[in-house]
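Thanks for making time this morning.

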Amino acid sequence: MKTRTYPHTQTNLFPLYVYTSDVDRLQNSIDRQDGYKMHQIFLVSKGVGILHICDKTYCLEEGDLFYISANTGHSYAPVDKSFSTTYISFP
């Protein structure tokens, strides 16, 4: 499993107070040029997707875990029809 933090400069995030969550959500294409208002942690539940963030592109596979800090521009999209994530969002 690959574990990554984006961007690498965020360190003071704990404790976490979960605001939103979902389990095995089937993902469609998302484009958030200005980011999302909360921090997010994702686990790829199924399938394969692509993440674009901080001028880099990553292949996301089942079992991968990744973090996106609040207000960080990003986009992600499924590569196959089964691309699903489990996630939490927190302020």
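Four strands form an open sheet in this predicted model, arranged in the order β3-β8-β5-β6 with antiparallel pairing, where strands are DSSP runs of E at least two residues long, numbered from the N terminus, and two strands pair if DSSP finds at least two bridges between them. The edges are β3, residues 30-32, and β6, each of which pairs on one side only.

A word on conventions: residues are numbered from 1 along each chain as its sequence is written, and side-chain values use heavy atoms, leaving out hydrogens and water. Because the model is predicted, local features need pLDDT of at least 70 and side-chain atom pairs count only at pLDDT 80 or more, whereas totals for chains, interfaces and linings use all residues.

Going across the sheet, β3 and β8, the latter spanning residues 74-78, are joined by three antiparallel bridges, and Asp31 has Ser75 as its bridge partner in β8. Between β5 and β8 there are five bridges, also antiparallel, and here His52 is partnered by Ser75. Six antiparallel bridges link β5 and β6, with Gly49 facing Leu60 as its bridge partner in β6.

Turning to contacts, meaning heavy atoms within 4.5 Å, Val44 touches residues including Leu60, Phe66 and Phe83, not counting residues up to four places away in sequence.
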